[in-house]
Amino acid sequence: MSQLPAPVLDHVVINVKGELDHAVDVYRRLGFALTERGHHSLGTSNHLAIFGENYLELLGYEAGKSTARPDVTQAPLGLTGLVFKTQDSHGLFTALQARGVGVETPAEFFRPVRLPDGTTQDARFRTVRLASELVRNGRTFFCHHFTPEHVWRDEWRDHPNGVTDIVGFVIASPNPAVTAALYDRVFGPGVLTATGALGYSLTAGRARVHFVTPAEAEQRFGKVETTDDGSERNVALVLRTRSLTQTQATLRENGVPWTTLPDGTVLVAADDGFHVALQFVEGAGA
């Protein structure tokens with residue numbers, strides 16, 4: 001079985017449904033400099049927080065507009081999208097089929113982007129999504145950017161809270177081994193690292209994907225999103241900042257509650273992060 005390229009986090013999706021305005025207010029107060037509202041050819045709308053290697057997407061739809069996207073309309077509010085990079089979407093699709101991993105047909109779409117010089121260009125993508133039955137309460141997919149220059153722009157990377165990259169994506173599961181096994185099938189074998197008593201992690205470029213029990217998630221992040229049927233749920237992000245002092249000052253100025261954890265990092269509870277717990281860390285390379 002041939003090995004796919006090493007996983008690299010491309011972006012994360014926070015599903016906000018019809019609450020785009022509210023979510024934008026929340027994340028601006030958290031200190032993120034969001035792009036202006038974009039509109040997909042699929043009917044959804046978004047705002048992005050662009051970092052160094054990856055980005056955060058607030059994805060929803062405007063009042064009165066229709067969208068044929070059950071991955072948005074039927075998914076829960078909060079962190080629902082885990083997205084990896086690919087530069088060969090068709091080859092990836094074939095490779096996943098050869099591995100026996102359920103995968104949907106690649107889909108292309110675009111989003112007009114107004115650039116700082118006043119011109120408008122299309123940001124174009126092709127995505128390859130793992131079969132919906134493999135990932136509950138969200139979706140995992142790969143994004144092939146045809147026009148990355150319309151996404152990763154330096155003028156969009158400067159955030160008042162000092163954040164430079166997403167470095168952690170946390171999935172709470174009653175059985176982390178089973179949830180993590182999917183990613184070993186996709187990228188492995190041998191890409192998972194055991195952590196703690198029951199957890200696992202996966203390196204994805206500058207980020208790590210963590211698979212933990214709900215109890216461990218609550219111990220680390222406080223009250224997080226849960227499910228009624230025992231399925232897995234994406235619950236938290238870890239964000240690297242240039243300066244925790246800068247992060248704290250921004251949160252304080254904007255009236256956002258936060259807690260300093262024993263290791264000195266800063267935690268914003270899920271209730272104040274639009275259903276997503278946010279941990280801010282400071283480190284080399286930030």
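I take contact to mean heavy atoms within 4.5 Å, and I take helices (H or I, at least four residues) and strands (E, at least two) as DSSP runs numbered from the N terminus. With that settled, I looked up helix α3, whose buried residues pack against β7, β8 and α4.

The model is predicted, so I note that local features need pLDDT of at least 70 and side-chain atom pairs count only at pLDDT 80 or more, while totals for chains, interfaces and linings use all residues. Residues are numbered from 1 along each chain as its sequence is written, and side-chain values use heavy atoms, with hydrogens and water left out.

**Helix α3**

I use buried for under 20% relative accessible area, exposed for over 50% and partly exposed for what lies in between, with a 1.4 Å probe and protein chains only. By that rule the buried residues of α3 are Ser 89, Leu 92, Phe 93 and Leu 96. Seen down the axis of α3, these buried residues fall within an arc of 100 degrees, so they line one face of the helix; the arc is that of the directions from the helix axis to the C-beta atoms. Helix α3 (residues 89–98) lies across β7 (120–129) and β8 (139–145), and runs at about 10 degrees to β7. For such angles, axes are lines fitted to C-alpha atoms, for helices over the stretch in contact, and the values run from 0 to 180 degrees between N-to-C directions. After α3 comes Gly 100, which has a positive phi near 80 degrees.

I count two strands as paired if DSSP finds at least two bridges between them. I then find an open sheet of 8 strands in the order β2-β3-β4-β1-β5-β8-β7-β6, with mixed pairing. Its edges are β2 (38–39) and β6 (107–114), each with a single partner strand, so one side of each is left without a neighbour in the sheet. Inside that order, β1 (residues 9–17) and β5 (residues 78–85) pair in the antiparallel sense over 6 bridges, and His 11 has Val 83 in β5 as its bridge partner. Lys 17, which is found in β1, has a phi near 50 degrees, a positive value in a residue other than glycine. Helix α1 (residues 20–29) lies across β1, β3 (45–50) and β4 (55–60), running at about 155 degrees to β4.

**Nonpolar cores**

I treat a nonpolar core as a set of buried Ala, Val, Leu, Ile, Met, Phe, Trp, Tyr and Cys residues joined through side-chain atoms within 4.5 Å. The largest core has 55 residues, and those with the most contacts inside it are Tyr 27, Phe 32, Leu 56 and Tyr 183. Leaving aside neighbours within four places in sequence, I find Tyr 27 in contact with residues including Ile 14, Leu 56, Phe 274 and Leu 278. A second, separate core of 17 residues includes Tyr 55, Val 72, Phe 109 and Val 113.

Phe 274, one of the contacts of Tyr 27, is found in the loop between β15 (266–268) and β16. Phe 274 is buried at a relative accessible area of 5%, and its phi is positive, about 55 degrees, although it is not a glycine.

Strand β13 (residues 233–241) is mostly covered, with 8 of its 9 residues buried. On β9 (residues 163–172), 8 bridges join it to β13 in an antiparallel run, and Ile 171 stands opposite Asn 234. A further 6 bridges join β13 to β16 (residues 277–282), and these two strands run parallel, with Val 281 of β16 as the bridge partner of Arg 240.

Which side chain does Gln 279 meet in a polar contact? I find that its side chain makes one with the side chain of Thr 265 at 2.9 Å, where a polar contact is a pair of N or O atoms within 3.5 Å; within protein, one must be able to donate a hydrogen and the other to accept it, and residues adjacent in sequence count only if both atoms are side-chain atoms. Gln 279 lies in β16 and is buried, with a relative accessible area of 7%.

**Prolines**

The peptide bond from Gly 188 to Pro 189 is cis, with omega near 5 degrees, and Pro 189 lies in the loop between α4 (176–187) and β10 (192–195). Pro 174 lies in the loop between β9 and α4 and counts as partly exposed at 47% relative accessibility. Pro 174 and Pro 214 are 40 residues apart in sequence and 6.4 Å apart in space, C-alpha to C-alpha.
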